[in-house]
Structure formats: structure tokens, C-alpha cells
Amino acid sequence: MWVLVNEVDARGLVCPEPVLRVKQVLDTINGGTVKVLVSFAAARENVARLARNSGWDVEISDFGEDILLILTK
């Protein structure tokens, strides 16, 4: 079984750009893992909300000075 991992590097971008980039990826896949890097708390909250509202599980952790969100479905 293959596991597809998509990555979205949205570091330094302010909303709504991180949400729009993640939405583009989520709209093209039915499941798997999506790793998202963001720099700001607002982006973390907005991306997490989008993912959860779309049926994805969300894990959030610090990644150096940035924030890593791992979306799985």
C-alpha cells in the first residue's frame, strides 16, 4: 500500500494564503497525509479549522520557529 504525503510550505504567508494553498491540496485528494508549515498562530488556527471541517484529523507541533500541522484522513 502506498501512502501519499503532500507538503505545503506556507511559512511567512499571512491569511488567507495558507488556507487557500491547503484547500487546493485537500480538494485534490481523498485521504493520506498533508504536512503544512506555517509561521503565524492565525494561520495555524485557520488551517486547522479548515482541515477539521473537511473531516481531517489535525496534529499540531512546534517546528523550530514555525508551526507544523499534520493532517491525516
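Predicted model: local features only at pLDDT ≥ 70, side-chain atom pairs only at ≥ 80, totals over all residues.
**Confidence**

The mean pLDDT of the protein is 94, and 95% of the residues score at least 70. Among the elements, helix α2 (residues 41-53) has the highest mean pLDDT, 98, whereas strand β1 (residues 5-10) has the lowest, 92.

**The sheet**

Four strands make up an open sheet with mixed pairing, and their order is β1-β2-β4-β3. Strands β1 and β3 lie at the edges, each pairing on one side only. From one strand to the next, the twist averages 15°. The table sets out the pairings, with an example of facing residues for each.

| Strands | Direction | Bridges | Facing residues |
|---|---|---|---|
| β1 and β2 | parallel | six | Val 8 and Val 36 |
| β2 and β4 | antiparallel | six | Val 34 and Leu 71 |

How many of the six residues of β2 are buried? Five are, and the strand is mostly covered. As you look along the strands, keep a general rule in mind: side chains in a regular strand alternate between the two faces of the sheet.

**Helix α1**

Helix α1 (17-26) is one of the elements that the buried residues of α2 pack against. The buried residues of α1 itself are Pro 18, Val 19, Val 22, Val 25 and Leu 26. Viewed down the axis of α1, these buried residues fall within an arc of 125°, so they line one face of the helix. What do the buried residues of α1 pack against? Their partners are β1, β2, α2 and β4.

Is Gly 32 buried or exposed? Its relative accessibility is 19%, and because buried means under 20%, Gly 32 counts as buried. Gly 32 and Val 19 are 13 residues apart along the chain, and their C-alpha atoms are separated by 18 Å.

**Helix α2**

Helix α2 passes a simple geometry check. At 1.5 Å a residue, its 13 residues should span 18 Å, and the end C-alpha atoms are 18 Å apart, which agrees. The buried residues of α2 are Ala 43, Val 47, Ala 48, Leu 50 and Ala 51. Seen down the helix axis, they fall within an arc of 160°, so they line one face of α2. These buried residues pack against α1, β2 (33-38), β3 and β4.

Which residue with a positive phi follows α2? Gly 55 does, with a phi near 90°.

**Putting it together**

Both helices, then, have a buried face: that of α1 packs against β1, β2, α2 and β4, while that of α2 packs against α1, β2, β3 and β4. Strand β2, with five of its six residues buried, pairs with β1 in the parallel sense and with β4 in the antiparallel sense.

Technical notes. Residues numbered from 1 in each chain as written. Heavy atoms only, no water. pLDDT = per-residue confidence, 0-100. Helix = DSSP H or I, 4+ residues; strand = E, 2+ residues; numbered from the N terminus. Expected span 1.5 Å × (residues − 1). Buried < 20%, exposed > 50% of the residue type's maximum accessible area, 1.4 Å probe, protein only. Arc of directions from axis to C-beta. Contact = heavy atoms within 4.5 Å. Pairing = 2+ DSSP bridges. Axes fitted to C-alpha atoms, helices over the stretch in contact; angles between N-to-C directions.
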